[in-house]
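The exercises below concern one predicted two-chain model. Each gives a task and then a stepwise solution.

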Amino acid sequence: MRTSNHLVYLIALPLFSSAILLLLGRIADKWGHLVATLVSGSAFAIGVSEFFKMHSQTGADRTATQKVFDWISVGSFKVTGSLMVDQLSICFVLLITGVGTLIHIYSIAYMSHDKDRRRFFAFLNLFIAAMLLLVLGDSYLNLYIGWEGVGLASYLLIGFWNQNPVYAVAAKKAFIANRVGDVGLSVAIMLSFAQFGTVSFTGVAEGAPHASSAALTAIGAMLLLAAAGKSAQFPLQSWLGDAMAGPTPVSALIHAATMVTAGVYLIARSHFIFDASPTARMLVISVGVITLLFGAIVGTAKDDIKKALAASTMSQIGYMILATGLGPVGYAFAIMHLLTHGFFKAGMFLGAGSVMHGMNDEVNMRKYGGLAKFMPITAVTFGLGYLAILGVPPFAGFYSKDKIIETAFNFGGSKAGLIGCAALLGAGITAFYMTRVFVMTFQGSRRWETESEPHESPFLMWGPMVVLAIGSVASGYLLSSGSALVNWLQPVVNASHVTHEKELLSPNTISGLALAAVIAGTSLAIVKYRRVSAKAPTNVSLPTLAARADLGQDNFNDRVLVKPGFAITRALLVIDHSVVDGAVRLVGWVVQEISDVLKKLQNGYVRSYALMMIVGVFICAFTLWAVTS
Amino acid sequence: MDISNYLYLSIILFTIGSLGVLVRRNAIVIFMCIELMLNATNLALVTFSRINGNLDGQVASFFTMVVAACEVVVGLAIIVTIYRSRRSASVDDASLLRN
């Protein structure tokens, strides 16, 4: 275990810059975005130097810690504000700062016409700081601060254009759905403190093997709830689609590449809990499978390009969650898919932003068509990301997603076939809806009605897109050649036993099947969406209607949570008005009635007062006599 | 003579005084009735002092006299003021704390 003195700067720099930009106000309008981008770039540089330092070490020395301050010290309970970077964290640090910096650069151009650009960059830096704290904290409590911080940044950025009430509502929706998950995390923290007497990762990891399976399952389920909230997994998935109200760079950074993958990080970080509780793992697998199919199905019917990509994000994170549920070897593949997804999905979101930039912020894909001719760079970079998410060899998704499908099939147990088939089906649907997005946007005939021709975006925008596209092409091969990432993460997630007791299907068969599913989905989409009308058809099949309505997720929430919630509130209001207020009013009424009677005594006549006094004296005297005799 | 006769006298005087306070309207008469009640009390105190063979009751009656003297001064001043403002010494006319 080494100590490192630079970790704190990773968080402090963006946090400081965010505070400066917010406090200085309009003075910083001219150069705020440059400072923010520079700070993000420096954080990336620190991250890279930490990576090389870590790479030059071996064994336990690869983990570096830094104690910043004593936070809570009560009796035997101690929490220090400590940071820890290990093989798992550094992947995230590089992803967050790397993709983050690219998106900062992109945003300079994308937000150049917005008068609140400085505020936007301040929030972006706040997000970077919080997200880094999330992955660098050495205890659940430190992680929790970052967890809440990214929730705040996400809320602020979704509602960045809060002058539009719909966007403000979307921000609130995201925040509230996240709160539900946050309750899960805080309960998990309390449970692990009750069970292990500590909330640090190392302490809980040491205690986990000796704990009762019921306690571990409870903690695991609560952690899963937290992950579901942050990563938009079933049943807390409904906020992600609406979160697309935020500016597109936000969707790319927070709601595709980094924040929504925090749930995967949480589960991978808490692997000791899930390793020891098969029930919790089964829950994780169920949530992953349901969400990956849910997101994919919703994605097939969305005409809003960002919402289609959001549904795809949900589905891809479903894959990652599924992989984390598959046990030790799954963690590494989950992280690999997370990293490759970070590249290709962020790239595609930036592509979508570039399309919107050229199309006067039009998001309806039915109003696009044939844009490849007008936006060649966007089309190519988007296309590379598209091939990557499909899992076409040798693009990134092929290495990461096929591994997850393969692991699912060889999971062992009776359900392996079912899980594997679901993952395979998900891959087919992914191919269908992504092809739909690509064809509707870049191929076919023009369907836009505006006079002005769409134009390619400036260099500051296509530069980051090109970098991310290169990542979409190469990251899969680089991370998986010689099992690089699996070996790298092995000390953290204990992925040593890469043994399939009995292989249900060989890797080649699975790759073949996955490719067949992809080809089937792609061809179907090409046939179906080669020609689309500019207006969405209304006489569609029932499944399409259901998918357009997000499979009723909002209706469900509305009926099951919102309406009963309102009903309870209304009932409580009636009780408040009748019972509580009634009691108070009754007391007032009684006092008033008594005083109405008594006030007649206050008539102002001295002689009546004198009579009262004398009668009173007699009563006192009589009482005294009666008591004493 | 039986010493309790003094107490009976005291009771009779006190009753006359209190009835006077209750039934008369003229503030001066009411005032005099109050003095009557006070002196009835003094008589009772002195009698008790005699019965018990100590001086406590007599001391208390001195206090009563002093307080009564002060009260007379203040009370008469109030009555005169009320009479000046209302041209009447009837307590029923002064039923409001305003003109």
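**Exercise 1. The core**

Which residues does A:Ala346 touch, not counting residues up to four places away in sequence?

Solution. Start with the conventions: residues are numbered from 1 along each chain as its sequence is written, while chains are lettered from A and ligands numbered from 1 in the order in which they are written. The model is predicted, so local features need pLDDT of at least 70 and side-chain atom pairs count only at pLDDT 80 or more, whereas totals for chains, interfaces and linings use all residues.

Step 1. Apply the contact criterion: two residues are in contact if their C-beta atoms, placed from the backbone, lie within 7 Å. With residues up to four places away in sequence left out, A:Ala346 touches A:Val99, A:Ile103, A:Ala252, A:Leu253, A:Ala256, A:Ala257 and A:Leu468.

Step 2. A nonpolar core is a set of buried Ala, Val, Leu, Ile, Met, Phe, Trp, Tyr and Cys residues joined through C-beta atoms within 7 Å. A residue is buried if 20 or more other C-beta atoms lie within 10 Å of its own, exposed if 12 or fewer, and partly exposed in between, with C-beta atoms placed from the backbone. The largest nonpolar core has 202 residues, and A:Ala346 is listed with A:Phe127, A:Leu132, A:Leu322 and A:Ile335 as those with the most contacts inside it.

Step 3. Find the main contributor. Helix α15 of chain A, residues 328-358, gives the most to this core, with 17 residues. Helices (H or I, at least four residues) and strands (E, at least two) are DSSP runs, numbered from the N terminus.

Step 4. Look for another core. A second, separate core has six residues, among them B:Val21, B:Ala27, B:Ile30 and B:Phe31.

**Exercise 2. The sheet**

Describe the strand order and pairing in the sheet of chain A.

Solution. Step 1. Two strands pair if DSSP finds at least two bridges between them. Three strands form an open sheet in the order β1-β2-β3, with mixed pairing. The edge strands, each pairing on one side only, are β1 (2-3) and β3.

Step 1. Take the pairs in turn. β1(A) and β2(A) run parallel and are joined by two bridges; A:Thr3 stands opposite A:Thr65 in β2(A). Strands β2 (residues 64-74) and β3 (residues 77-85) of chain A run antiparallel, with nine bridges between them. The partner of A:Ile72 in β3(A) is A:Val79, and that of A:Asp70 is A:Thr80.

Step 2. Inspect the connection. β2(A) and β3(A) form a hairpin with two residues between them, and A:Gly75 in the turn has a positive phi of about 55°.

**Exercise 3. Chain B**

Solution. Step 1. List the elements. Chain B has three helices and zero strands, in the pattern α-α-α along the sequence.

Step 1. The C-alpha trace of chain B spans about 55 × 25 × 15 Å along its principal axes, and 15% of its 99 residues count as buried. For chain A, the C-alpha box is roughly 110 × 65 × 55 Å, and 52% of its 629 residues count as buried.

**Exercise 4. The interface**

How do helix α24 of chain A and helix α1 of chain B pack?

Solution. Step 1. Count the residues. The contact takes eight residues from chain A and seven residues from chain B.

Step 1. Find the geometry. Axes are lines fitted to C-alpha atoms, for helices over the stretch in contact, and angles run from 0 to 180 degrees between N-to-C directions. Helix α24 (residues 606-628) of chain A and helix α1 (residues 4-23) of chain B pack at about 145°, with axes 8 Å apart.

Step 2. Name the residues. A:Arg607, A:Ala610, A:Leu611 and A:Ile614 in α24(A) meet B:Ser18, B:Val21 and B:Leu22 in α1(B).

Step 3. Check B:Ser18. B:Ser18 counts as buried because there are 20 C-beta neighbours inside 10 Å. Beyond four places in sequence, B:Ser18 touches A:Ile614 and B:Met37.
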